[in-house]
Amino acid sequence: MLSQRRKDMASQTEENYLKALYSLSVGKMEVNISELSAALNVSNPTVNSMVKNLKSKGLVKYEKYKPLSLTEKGRKAAALIVRKHRLTEMFLVEKMGFGWEEVHEIAEQLEHVNSSALFDRMDELMDHPLVDPHGSPIPDKQGNISESAYEPLSKFSSGRKVKLAALGHSSTEFLKFLNSRELSLGTEIEIKSIETYDGSMVLSYQNHASETFTKAVCESLLVERVG
């Protein structure tokens, strides 16, 4: 029993490394050991040891003192972990009534469950959603993912109308902030004005005639054009 528990913990650690590498490699092919170390909050020697292990399994390409990258096998394995995480988040929101700010920690645990039947059933019950509650795309069963060309709200000019489609990040604090402003995915937004000094925006949406958001917030609101 103890041996199996250790094996499960090692497997979960490997999966966390793969998922972190997958996230860090979005938009680029290679990742530095120091970047992975910072993302996982572990030491460089610990990362080196795990990377060597992942390399021996054909999941990572790595040479000493050089950046690393996922192999095709590793990329698919990582994408399927992300798929389980995002399906779980969507299921918790859509079928169980959780708030979008409540689901990350639960999904972090369930993403390590080794049962394709469970996640396939979740997928079917939700009629195969393409995105999670935060607008991030859900990889398909082959690990393929379709990234959407959304743009940060901060790039748009005054008078433009857009729709909130996704979030640049989904920390609990950020999601609670959006809840407090009654701003959710699918909301149509009109940019009323932009402050020249700091780039903050005055927005109008639903029953909010005038709400001011900082430039940092607007950079994390990913939108699509309306009309």
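Two strands are taken as paired if DSSP finds at least two bridges between them, and strands (E, at least two residues) and helices (H or I, at least four) are DSSP runs numbered from the N terminus. The model is predicted, so local features need pLDDT of at least 70 and side-chain atom pairs count only at pLDDT 80 or more, while totals for chains, interfaces and linings use all residues. Residues are numbered from 1 along each chain as its sequence is written, and side-chain values use heavy atoms, with hydrogens and water left out.

Strand β5 (residues 188–194) runs antiparallel to β6, joined by four bridges, and Ile194 stands opposite Met201 in β6. On β7, the bridge partner of Met201 is Phe213; β6 and β7 are likewise antiparallel, with four bridges. Four of the five residues of β6 (residues 201–205) are buried (under 20% relative accessible area, with exposed over 50% and partly exposed in between, for a 1.4 Å probe and protein chains only), so β6 is largely enclosed by the rest of the structure.

Phe213 also belongs to an aromatic cluster with Phe177 and Tyr205. Across the whole structure there are two aromatic pairs, where rings of Phe, Tyr and Trp (its six-membered ring) pair if their centres lie within 6.5 Å, and planes under 30 degrees apart count as stacked, over 60 as edge-to-face and the rest as tilted. The rings of Phe177 and Phe213 have centres 6.0 Å apart and planes at 85°, so this pair is edge-to-face. Because Phe177 lies in helix α7 (residues 172–180) and Phe213 in strand β7 (residues 208–213), the pair ties together parts that are 36 residues apart in sequence. Tyr205 and Phe213 form a tilted pair, 6.4 Å centre to centre with 50° between the planes.
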